[in-house]
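These are my notebook entries on one protein model. I record below what I looked up, entry by entry.

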Amino acid sequence: MSTGSFNIATWLTLLRIALIPVLVLLFYLPWSGARIGCALVFLLASLTDWLDGYLARRLNQTTAFGAFLDPVADKLMVAAALVLLVQNDPEPWLAVAAVIIIGREIAVASLREWMAAIGQRKKVEVSWLGKLKTTLQMSAITLLLFAVDWATELLQPFGYAFLVLAALMTLWSMINYLRLAWPMLRETNSP
C-alpha cells in the first residue's frame, strides 16, 4: 500500500471505522443523552460515507485502498447498529430485517469477490439501486437510534417503515446483482 492511498477520503473512511466502538459505547452508557449521542455518531458516520466518495471523485483521489475500505466501513457500521437495535428491541420482524440486510451484504460482497476473480467485476458494480438501499438503511437506523430514548412515538414508526423498505430494497438489489451474475454462476467450469 502506497502512502498515496491515504488522502482525505480515506481518512474519512477510517474515521467511520473508528466511530464503531464509540457508537457501541454510547449505546450502553447509563446516562441520559448517551443514546442520542449514539444516534448522532451514526448520523456523522453516515454523512462521512457520502462525503468521502464525493471528495475522492471531486479531488480525483480515488484509490484501490479506498475502494476496498469504503464498503467495508459501511457494512461494519450498519451491522453494528443493527445488532444494537435488535438487542434493544428483540422483535422477530426487526431481527428478520437485520438478518436480510446483513446477509445480503455478505452475499453481495462474496459475489463481487468471485466476479472479480473471474474478471467480471464490472458486471456487479454498485448501482443506483444499491445507493438508494444504503440511503434508506442509514435513514432508518438513524431514526431508530434516536427513537430509543427520544421522540419514540414520532420517530419509531418512520424508522420501522424505512427499515422495512430498506430490507425490501436490499432483496431487490441482491436479486438484481445475482441476475447480472447468473450466466457466470451457471457455468460448469470454475477458474
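I took buried to mean under 20% relative accessible area, exposed over 50%, and partly exposed in between (1.4 Å probe, protein chains only). I note that the model is predicted, with local features requiring pLDDT of at least 70, side-chain atom pairs counted only at pLDDT 80 or more, and totals for chains, interfaces and linings using all residues. Residues are numbered from 1 along each chain as its sequence is written, and side-chain values use heavy atoms, with hydrogens and water left out.

**Entry 1: salt bridges**

I counted as a salt bridge a side-chain nitrogen of Lys or Arg within 4 Å of a carboxyl oxygen of Asp or Glu. The structure holds 7 of them. I looked up Arg-104 and Glu-105 and found their side chains joined in a salt bridge, at 3.1 Å from N to O. Both Arg-104 and Glu-105 are buried.

I then turned to Arg-16, which counts as buried at 1% relative accessibility. Its side chain meets that of Asp-70 in a salt bridge of 2.5 Å, N to O. Asp-70 lies in helix 3 and Arg-16 in helix 1, so this pair ties together parts that are 54 residues apart in sequence. For helices I used DSSP runs (H or I, at least four residues), numbered from the N terminus.

Arg-16 also forms a salt bridge with Asp-74, with the closest N and O atoms 3.0 Å apart. Because Arg-16 is in helix 1 and Asp-74 in helix 3, the pair links parts 58 residues apart in sequence. Asp-74 counts as buried, at 14% relative accessibility. Through shared partners, salt bridges join Arg-16, Asp-49, Asp-52, Asp-70 and Asp-74 into one network.

**Entry 2: the largest pocket**

I worked on a 1 Å grid over the protein atoms alone, where a pocket is an open set of points that a 1.4 Å probe fits, with protein on both sides within 12 Å along at least five of seven lines; lining residues have an atom within 4 Å of a point. The volume is the space filled by probe spheres set on the points, which are joined across faces, edges and corners. The largest pocket holds about 1400 Å³. It is lined by 44 residues, and the closest to its centre are Asp-49, Asp-70, Pro-71, Asp-74 and Val-126. Helix 3 contributes the most to this lining, with 10 residues. I recorded the lining as 15 nonpolar, 15 polar and 14 charged residues, with Ala, Val, Leu, Ile, Met, Phe, Trp, Tyr, Cys and Pro as nonpolar, Asp, Glu, Lys and Arg as charged, and the others, Gly among them, as polar.

**Entry 3: a nonpolar surface patch**

Helix 6 (residues 152-185) gives the most to the patch, with 5 residues. Leu-168, found in helix 6, is exposed at 51% relative accessible area.

**Entry 4: Asn-60**

I looked up the backbone at Asn-60, which has a positive phi of about 55° although it is not a glycine. Most residues other than glycine have a negative phi. Asn-60 sits in the loop between helix 2 and helix 3 and is exposed, with a relative accessible area of 68%.

Note on methods. Helices (H or I, at least four residues) and strands (E, at least two) are DSSP runs, numbered from the N terminus.
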